[in-house]
Amino acid sequence: MRKRGQMELFQPTAPPVDAGIEERIVNNHMHVNQSTFKGGLASRFHRWFRLTPSFGPELVQHVLTEFRAGPDSVVLDPFAGAGTTLIECKTEDLEAYGFEINPFLHFVGQTSLRWIVDSPAIRERFRSVENAFRNKREQLDGVPVDQCALPIPPIHNVYRWWRHDVLKDLLILRASVDEVLANEPTVRDFFRLAIAGVLVPDLTNVTLGRLQLHFIDRSNDDMDVWRTFEKHTEAMIDDLDAASAQPQTKQQRAYLTDATGVRAQDYDWRADVVITSPPYPNRYSYVWNTRPHLYFFDFFHGKTEAADLDKKTIGGTWGTATSILTKGVVKPAFPIIGDVVEPVASKIRDSDNLMANYLMKYFNLLARQIVSMDPLLKPRAQAAYVVGNSELKGIYVETDVLLGKVFEGLGLGYKVGSIERFRRRHSGKDLFETTVYARKGG
C-alpha cells in the first residue's frame, strides 16, 4: 500500500485571496507516470484493466492528502470509469462510492473491488478453466468459428475486429469460464475481467489511438489467446495474495447509473470528498472505445445500443449522437452556462454548428451532474475535478476555467480554491490537464 505524504508530487501554490477564476491558475508539474493511466499499469488491482483516458492512482492519493481524508471520510466519484478512485480508496480502507453509466466499465470497477482472499481456490479454478479450454479447443479443431455453436458478438463487421482463429479461441475461453464457474458468479466475473484485461489491444485488430481505436492489419501477428490470458490472470491472482494482508472494514461500491440524474433518496450515505475526472470535451467516446467489450461480454445485443448510450453521455459524439448535434442550436440549461460557455460556443458556431452544440451539451450535462450530486454531499464537502482543455475548430476551450466559473455560478455555495495545471497533453500546445478544486460553503 502506498502511504500518503510519501509521494514525490507537486506542492500546490495558494492562489491570491479573492482572486478571479483566471488568477487562481497555478502550474504544478506532475510526471505522466503519476498523473495518467500509466501509473496504474504497475499498480496492484489497477493493472487488472487498462483504461487509457483514466487518471493515475497517485493523483487520487495526492487529492486525498490535500483534502486530509481520514477514517471518517466518505469519497464519491461520479464518473467512476474503471474504478481508479474506488480501488485507491479500498487500499486506504476508506468508504467510497462511484457512479458509472457504461455497463462494461461498471462491471470492471465493481469486479476490481472484489478482492477474493482465497487465492489457492482461485488457482485451482484456473487450472480447471485451462483443462476445459484445451479440451473444447481439441474438440473443435478444424471447425470454422461460425460453425462452433458459440455465440458470436453481434458487433458490426465482427471479423474486422477479430481474426477468425483468435475470435474462435476467445469464444472457447469465454465458454470455458462460464461453464466451469456457472455456480460461482463472483469467481466467474474475476476470470471474465481477466479476459477483458487482454482483449484490447492484445487480441483485437486495433491499436489504441489518441482519441479512439484504430483498425490495423494483424494477420501476421503472433496472437496466442491462452498464453496472453494466462500471464495476465497470474498477475491478478498475485494481487489477491497481497490483498489478504490488507484489513478491510469499509465499503466501496460502484453503481450503474447516469450521474446527471441521481436521486439522493436512493442512497443512505453522504460524501464529504469528491474525486473524479469527467470526459474531456475532445470528442473521445468511451462507448466507441469499449464497443468490443460491450458486445463480446453480452452487455449489448442490439445494433443501436452503443449509439443510444452515447447520446446520453457527456462526451458522446459517436453515431446518432453526432447527427443529433448537427441540427438546431443547443441552448444553455443554466444561466451561468449562457454567461460563460455560450460566448465560446458562438465563436465555434461560426465555422461548425456540430462542435458548438457539442460544447454546449458537454457543459449543460456537467452542470446537471453537479446539481444532481449536491444533495448527496455533506456541508463543506470538497471536490476535485480532473479535466482537460481542448481546441475545437481553432478555438481554445479552457475547460478548467469554465468549470471553475460554473461551480461558483450555479448558486450551490461552491468556492473554487485553485486550478492546478499539472500536465501538458501535447507538447507545444496549451492543452493542459488540470485539477479544479472547489469547496462547498466557501
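How many helices and strands are there in the chain? In this predicted model, in which residues are numbered from 1 along each chain as its sequence is written, local features need pLDDT of at least 70, side-chain atom pairs count only at pLDDT 80 or more, and totals for chains, interfaces and linings use all residues. Side-chain values use heavy atoms, with hydrogens and water left out.

The chain holds 17 helices and 12 strands, these being DSSP runs numbered from the N terminus (helices, H or I, of at least four residues; strands, E, of at least two). The radius of gyration is 22 Å, close to the 22 Å that the globule rule gives for 442 residues, so the chain is as compact as a globular protein of that length; the radius is taken over C-alpha atoms, and the rule is 2.2 Å times the number of residues to the power 0.38. The C-alpha trace spans about 70 × 50 × 45 Å along its principal axes. Of the 442 residues, 58% are buried (buried, under 20% relative accessible area; exposed, over 50%; partly exposed, in between; 1.4 Å probe, protein chains only). Among contacts (heavy atoms within 4.5 Å) between residues at least 6 apart in sequence, 73% join residues at least 24 apart.

Two helix pairs were examined, with axes defined as lines fitted to C-alpha atoms, for helices over the stretch in contact, and with angles running from 0 to 180 degrees between N-to-C directions. Helix α5 (residues 119-139) and helix α7 (residues 164-180) have axes that come within 9 Å and cross at roughly 130°, which makes α5 oblique to α7 (under 35 degrees, roughly parallel; over 145, roughly antiparallel; 65 to 115, roughly perpendicular; the rest, oblique). The crossing of α5 and α7 is right-handed, a crossing being right-handed if the near helix is turned clockwise from the far one by less than a right angle, and left-handed if anticlockwise. The contact of α5 with α7 comprises eight nonpolar, two polar and four charged residues (nonpolar: Ala, Val, Leu, Ile, Met, Phe, Trp, Tyr, Cys and Pro; charged: Asp, Glu, Lys and Arg; polar: the others, Gly among them). Ala175, located in helix α7, is buried at a relative accessible area of 12%, and, leaving aside neighbours within four places in sequence, Ala175 is in contact with Lys136 and Leu150.

Helix α8 (residues 185-199) packs against helix α9 (residues 225-243) at an angle of about 125°, with the axes 9 Å apart; α8 and α9 are therefore oblique to each other, and their crossing is right-handed. Residues of this contact include Phe190, Phe191 and Ile195 of α8 together with Phe229, Met236 and Leu240 of α9. By class, the contact of α8 with α9 has 10 nonpolar, four polar and no charged residues.

Val262 lies in the loop between β6 (252-256) and β7 (271-276) and is buried, with a relative accessible area of 10%. Not counting residues up to four places away in sequence, Val262 touches Phe99, Thr257, Tyr267, Ser372 and Leu376.

Some backbone features are also of note. Most residues other than glycine have a negative phi, and most peptide bonds are trans. Val200 and Pro201 are joined by a cis peptide bond, with omega about 0°, and Pro201 sits in the loop between α8 and β4 (206-208). Asp93 has a positive phi, near 55°; Asp93 occurs in the loop between α3 (84-91) and β3 (95-100) and counts as buried at 17% relative accessibility. Arg380, in strand β8 (residues 377-388), likewise has a positive phi, near 65°, and is partly exposed, with a relative accessible area of 48%.
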